[in-house]
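Dear colleague,

Please find the structure below, handed over for your use. The findings follow directly after it.

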Amino acid sequence: MHSTMFRHTQFPMLVMKDAIADQFRAKYNARPDVDTLHPNVVFDVYIQEDHCVVSLNSSGAPLFQRGYRRSTGEAPLNEVVAAGLIFLSGWDRNSNFIDPFCGSGTLPIEAALMANGIPSNIARKQYAFQHWADYDEALWNKIYDDAPRVPKRNLSFKIIGSDTDGEVILKARENVKALPLGKTVEFEVKDFNDVIAPEGGGTLISNPPYGERLDDYDVGDLYQAIGNFFKRKLPGYTCWIMSSNFDAFKRIELKPSKKLQLYNGSLDCDFRRFDIFQGSLVEHKYGPSNQRREPKRYKKKEE
Ligand SMILES: C[S@@+](CC[C@H](N)C(=O)[O-])C[C@H]1O[C@@H](n2cnc3c(N)ncnc32)[C@H](O)[C@@H]1O
């Protein structure tokens with residue numbers, strides 16, 4: 001709502017509810033019951049100054065609630081944001097995909113849904129339109145039953161999520177069970193420094209700690225270690241990082257080949273691409289491998 005006419009969002013909602021109730025009273029001489037917690041029919045009202053749009057909401061709960069998420073880590077990505085990042089990255093759905101900071105697995109799960117051609121809302125059971133008077137249940141069941149839901153066999157590439165926190169990896173595995181993804185996505189408990197990326201190059205997308213919500217890290221050191229990890233271990237990969245920590249980004253010490261400005265919730269973020277070149281360019285830019293320093297392990301600060 002953007003209007004100087006109303007001070008409080010509740011007021012136009014009340015006007016709207018009364019208008020609907022009046023219609024029912026005039027037509028049927030009865031008032032509809034309103035269940036404010038679990039409404040059957042949901043309306044959206046958008047107000048821009050004196051312009052108002054009223055629409056029937058066909059989804060109900062927001063569409064990012066895909067129905068597969070049983071539990072999450074502390075700072076999970078919204079599923080739609082994760083899918084959007086994968087689209088923006090240009091990943092071809094046919095090559096290795098890794099997220100070494102995967103938390104409860106949102107990015108690898110969304111990538112696996114795309115790679116298998118499975119609709120992202122396959123696990124979602126409830127939509128507001130199912131309560132509409134003209135809802136055709138048989139038609140919906142046919143559409144739902146016809147949707148592809150068989151994972152591909154023998155993918156020639158890997159989709160792997162890993163995280164240093166064993167508990168979130170359990171959650172990621174739990175989330176996958178709600179989806180028909182078979183063995184097309186794997187999860188491992190691993191510090192990112194120990195990740196061995198599948199051969200043949202591919203795409204990495206991660207949102208490592210920003211130092212905003214998970215703020216018990218020395219985030220600058222972490223990003224420096226991420227830069228070293230890219231240089232040492234990921235030649236042939238296109239690496240994308242989303243973060244709101246612009247100072248920490250600089251510590252990666254690689255020039256991004258693309259910078260996109262995005263919001264993650266209310267956080268102003270960049271989504272930056274780092275192209276890590278094969279062999280000689282890496283050697284040339286960062287020195288021969290026998291002169292490279294071992295990565296510095298950074299630790300959570302002591303409690
Ligand atoms: C912002 S969260 C990522 C959330 C994830 N995208 C999701 O949707 O659940 C950052 C993750 O980085 C992980 N992490 C922190 N340090 C790490 C390290 N050294 N190696 C691997 N993972 C690490 C944390 O455990 C946390 O799950």
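Is N154 buried or exposed? N154 is exposed, with a relative accessible area of 75%; exposed means over 50% relative accessible area, buried under 20%, and partly exposed in between, with a 1.4 Å probe and protein chains only. This residue, N154, has a positive phi of about 50° although it is not a glycine, and its place is the loop between α4 (137-146) and β4. E49 also has a positive phi, near 50°, in a residue other than glycine. E49 sits in the loop between β1 and β2 (51-57) and is partly exposed, at a relative accessible area of 36%.

Some notes on the basis of these values are needed. This is a predicted model, in which local features need pLDDT of at least 70 and side-chain atom pairs count only at pLDDT 80 or more, while totals for chains, interfaces and linings use all residues. Residues are numbered from 1 along each chain as its sequence is written, and side-chain values use heavy atoms, with hydrogens and water left out.

The protein chain has 8 helices and 9 strands; these are DSSP runs numbered from the N terminus, with helices being H or I of at least four residues and strands E of at least two. Of its 303 residues, 40% count as buried. The chain exposes about 17,900 Å², of which carbon and sulfur atoms supply 51%; the areas come from the Shrake-Rupley method with a 1.4 Å probe, and for residues only the protein chains shown count as cover. Among contacts (heavy atoms within 4.5 Å) between residues at least 6 apart in sequence, 72% join residues at least 24 apart.

An open sheet of 7 strands has the order β5-β4-β3-β6-β7-β9-β8, with mixed pairing; two strands pair if DSSP finds at least two bridges between them. Its edge strands, each pairing on one side only, are β5 (186-189) and β8 (258-264). From one strand to the next, the twist averages 20°.

Within this sheet, β6 and β7 run parallel and are joined by 5 bridges; S206 has I241 in β7 as its bridge partner. On the antiparallel side, 6 bridges join β7 (residues 237-243) to β9 (residues 267-275), and M242 has F271 in β9 as its bridge partner. Helix α6 (residues 219-233) packs on the sheet and touches β6, β7 and β9, its direction making about 170° with that of β7. Axes are lines fitted to C-alpha atoms, for helices over the stretch in contact, and angles run from 0 to 180 degrees between N-to-C directions. β7 is mostly covered, with 6 of its 7 residues buried. Another helix, α3 (residues 106-116), lies across β3 (96-99), β4 (159-163), β5 and β6 (202-206), and runs at about 175° to β4.

The second largest pocket holds about 640 Å³ of space. Of the 20 residues that line this pocket, the closest to its centre are K17, V34, P39, V41 and F43. Both α1 (10-28) and β1 (42-48) supply at least two lining residues, and α1 gives the most, with 8 residues. A pocket is an open set of points on a 1 Å grid over the protein atoms alone, where a 1.4 Å probe fits, with protein on both sides within 12 Å along at least five of seven lines; lining residues have an atom within 4 Å of a point. Grid points are joined across faces, edges and corners, and the volume is the space filled by probe spheres set on them.

With kind regards
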